[in-house]
Amino acid sequence: MSGRWALSARTDDAAATRAFAAALAQVVRAGDLVLLVGGLGAGKTVFAQGFGAALGVEGPVTSPTFTLVRQYRCPAAGDVELFVHADLYRLDHLREVGDLALPELLAEGAVALVEWGDAGAPVLGASALEVVIAPGGPEGPDTRTITVSGRGPRWAGRLGQVAAALEGFGPFEPEYTAT
Amino acid sequence: MSDQAPLVLGIETSCDETAAAVVAPGRDVLSSVVASQADVHARFGGVVPELAGRAHLELLVPVIAEALERAGADGHPPVAAVAVTSGPGLMGSLLVGLSHAKALSMAWAVPFVGVNHLEGHLFASLLDHPDLEWPLVVLLVSGGHTMLVLVEGLGRYRLLGQTLDDAAGEAFDKVARFLGLGYPGGPAVDRVAAGGDPTAFAFPRAMAAQGYDFSFSGLKTAVVRAVEREPLASTPDVAASFQEAVVDVLVAKARRAVAATGSRGLCLAGGVAANSLLRARVEAACAEDGVAALVPSRAMCTDNAAMIAAAGQWRLAHGGPSPLDLGADPNLGLALSQATVKQ
């Protein structure tokens, strides 16, 4: 059965958040869905830029808020052919998420990073890696607590792999929840 | 119609305005009708794509009929060509206008041409200032775009810089939503900022001194943090300080681009060009630098179909009509080549 695992880490500034995203990008493969969750100013843009750059995207990874979806070629990222960056911020109905054709893009060899992704989770499939960025803390306003959790069959056996890729941000005390 | 000049019907449905216009040769605007969906989207704090597509469907036929009637285009066919925005924009919204334009083109047996929305914005300033002198720097700022473009002549564009994250208009919308000022965010911030102190908060001016690229994501974050730190801060002060930071960066870079390219003037385009502070600052900076300030009327800054008809008229003359299988492209770029201008 596929449960849910989660691990949390702290980053001290935007550069560290970017590096964290780049490290996480090393474990994704074609067809993976990553949901990015965090309020306005949490650091989703910084995360997306670090993630995209690590996948070999050339040029800036700009906000997808206006067009809802932006696609980038990944010439040097193994089996990942396409980086799909979506934003559900402006969507109001769950059925509109279907119009973005994310499952089709994933099936064609893309990795999708979906901002405000928790809102679309119910229709985006059982398997996803969820990244929640919570800003601030006693250490200062630039600090972020990032929680990465995997759910569904696709992520069930990958905690070790994710923890290894994020080694520099540990140590971790993973949590498990049965579903 | 045969003794009249050939008219072009323009159709624009890329975002939340449903617009149609008729333009005669010489970029003479005979009619320009814009039905805004801002009211529909106001309660959601932003454009809702599904609602946008549906509203375009309902509004487009009457909007076109009104544009033709106001222009006195009652011949058979009423116009000599149909121009329509084919991108960038929201897929569902673009398709409504594009399909309609193709249908009219077939029904009337007249040519059809797809227009890049960004090029349309560049033509908007031509409609208000017919005798432009090249080269020009255009600062194109809207909800979806922020770019500095060197225009060496009609159809000859070079991208000098663009946003690396959020568009300026997007920053206005998100900050307005965060401050509870409503949608659309640009006019709301503009209004509230008028009563605030622009020096109350020292928000960051990202990359103001270097290059022509922009970054507004960090500014948005800084506003959120400032309000969290001082929950009782005056909203007009926050709005004024935020607006001051955006305009400072836009004007500093645009001014530097004009000087570095030896341009004759600076032209504003896009929805954010309707911002009072930006307009005033551009005019003051150009007066000081001895170059022309081309600040279009507010109606020409925001999305409209007259600029699409004007760009379409030029495209038809210089590239001919588009094939009827032309698709909508939500991410369409300006086909710009990177400029090598000294920074």
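Accessible areas in this talk come from the Shrake-Rupley method with a 1.4 Å probe, and for residues only the protein chains shown count as cover. With that convention, the accessible surface of chain A comes to about 7,400 Å², and 53% of this belongs to carbon and sulfur atoms.

Good morning, colleagues. What we have here is a predicted model, in which local features need pLDDT of at least 70 and side-chain atom pairs count only at pLDDT 80 or more, while totals for chains, interfaces and linings use all residues. Residues are numbered from 1 along each chain as its sequence is written, chains are lettered from A and ligands numbered from 1 in the order in which they are written, and side-chain values use heavy atoms, with hydrogens and water left out.

Let me begin with chain A. Helices (H or I, at least four residues) and strands (E, at least two) are DSSP runs numbered from the N terminus. Chain A has 5 helices and 8 strands, and their order from the N terminus is β-α-β-α-β-β-α-α-β-β-β-α-β. Its radius of gyration is 15 Å, close to the 16 Å that the globule rule gives for 179 residues, so chain A is as compact as a globular protein of that length. The radius is taken over C-alpha atoms, and the rule is 2.2 Å times the number of residues to the power 0.38. Taken along the principal axes, the C-alpha atoms of chain A fill a box of roughly 40 × 40 × 35 Å.

Of the 179 residues in chain A, 56% are buried; buried means under 20% relative accessible area, exposed over 50%, and partly exposed in between, with a 1.4 Å probe and protein chains only. A contact means heavy atoms within 4.5 Å. Among contacts in chain A with a separation of 6 or more, 70% are between residues 24 or more positions apart. As for charge, chain A carries 13 positive and 20 negative side chains, and the centres of the two sets lie 2 Å apart. Here Lys and Arg count as positive and Asp and Glu as negative, without His and the chain ends, and each charge is placed at NZ of Lys, CZ of Arg, CG of Asp or CD of Glu.

I turn to chain B, which contains 11 helices and 11 strands. A compact globule of 343 residues would have a radius of gyration near 20 Å, and the 20 Å of chain B agrees with this. Its C-alpha trace spans about 65 × 45 × 30 Å along the principal axes. Buried residues account for 58% of the chain, and the accessible surface comes to about 12,900 Å², with 54% belonging to carbon and sulfur atoms. In chain B, 74% of the contacts between residues at least 6 apart in sequence join residues at least 24 apart. The mean positions of its 23 positive and 34 negative charges are 6 Å apart.

A nonpolar core is a set of buried Ala, Val, Leu, Ile, Met, Phe, Trp, Tyr and Cys residues joined through side-chain atoms within 4.5 Å. Which residues touch the most other members of the largest core? Among its 52 residues, they are Leu139(B), Leu148(B), Phe203(B), Phe242(B) and Leu278(B). The elements giving two or more residues to this core include strand E6 (136–141), helix H6 (185–193), helix H7 (217–229) and helix H8 (235–261) of chain B. H8(B) provides the largest share, 13 residues. Apart from this core lies another, of 37 residues, including Ala83(B) and Met300(B).

Beyond neighbours within four places in sequence, the contacts of Phe203(B) include Leu219(B), Val238(B) and Phe242(B). Asp197(B) sits in the loop between H6 and H7 of chain B and is partly exposed, at 33% relative accessibility. Although Asp197(B) and Asp237(B) are 40 residues apart in sequence, their C-alpha atoms are 4.8 Å apart in space.

Finally, the backbone. Most residues other than glycine have a negative phi, and most peptide bonds are trans. The bond from Gly87(B) to Pro88(B) is cis, with omega near -10 degrees, and Pro88(B) lies in the loop between strand E4 (81–87) and helix H3 (91–108). Another cis peptide bond joins Trp134(B) and Pro135(B), with omega about -10 degrees. Arg27(B), not a glycine, has a positive phi of about 55 degrees and is partly exposed, at 24% relative accessible area. Ala109(B) likewise has a positive phi of about 55 degrees, but Ala109(B) is exposed, at 69%.
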